[in-house]
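Subject: Structure for you to look through

Dear colleague,

I am passing on the structure we spoke about, and my notes on it follow below. Please read them with the model open beside you.

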Amino acid sequence: MSDHQPTIFDKILSGEIPSWKVYEDDHVFAFLDIGPLSDGHTLVISKERKAQLHQLSDESAAAIGRVLPRLCRAVLRATGATAYNVLQNNGAEAHQAVHHVHFHIIPKFGSEGLGVGWPAKRLADSTARELQEKIKKALEG
Ligand code: AMP
């Protein structure tokens, strides 16, 4: 059973509301973001209705991974951009507004595009050792 709450992307997938579609296959749908940070800002969404990346099936994840670089190349070729960000938000706290898995492809033109805050901390050895252990263990489970 899925706990997925319907979002506007369901309506885009069903064709109930229009979108500027640029790509579609059995698992993936891509279209222009309606509120672009720069020209060519494109959204790549799973057809599988899951809110966050870690909930996706391997099949959907593989399908997105297979086509994402191709879509990036197309956006670069179409816009002339040479730099870009791929952004993928999970959870409202992490700036996710539409709770349906999606990747942003955002061309960078000087100051136009994604602004990134990066308040880096220093990784202490004790913290690293503990996290490495915990993550490796979680991967086994
Ligand atoms: P996020 O903050 O990662 O959830 O981003 C959601 C994105 O979806 C935003 O950049 C919106 O501009 C975009 N968006 C919302 N509704 C639509 C729509 N109907 N068509 C295209 N893009 C949309």
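A polar contact, as the term is used here, is a pair of N or O atoms within 3.5 Å; within protein, one must be able to donate a hydrogen and the other to accept it, and residues adjacent in sequence count only if both atoms are side-chain atoms. This is a predicted model, in which local features need pLDDT of at least 70 and side-chain atom pairs count only at pLDDT 80 or more, while totals for chains, interfaces and linings use all residues. Residues are numbered from 1 along each chain as its sequence is written, and side-chain values use heavy atoms, with hydrogens and water left out.

On the ligand, a polar side-chain atom of Asp-33 lies 2.5 Å from one of the ligand's oxygen atoms. A polar backbone atom of Ala-97 is 2.7 Å from a ligand oxygen, and a side-chain N or O atom of His-102 is likewise 2.7 Å from an oxygen atom of the ligand.

Around the ligand there are 16 residues (each with a heavy atom within 4 Å of it), and those that come nearest are Asp-33, His-95, Ala-97, His-102 and His-104. Helix 1 gives three residues, the largest share of this shell, where helices are DSSP runs of H or I with at least four residues and strands are runs of E with at least two, numbered from the N terminus.

As for the chain, three helices and five strands are present, and from the N terminus on they follow the order α-β-β-β-α-β-β-α. Its C-alpha atoms fill a box of roughly 50 × 45 × 25 Å, taken along the principal axes.

With best wishes
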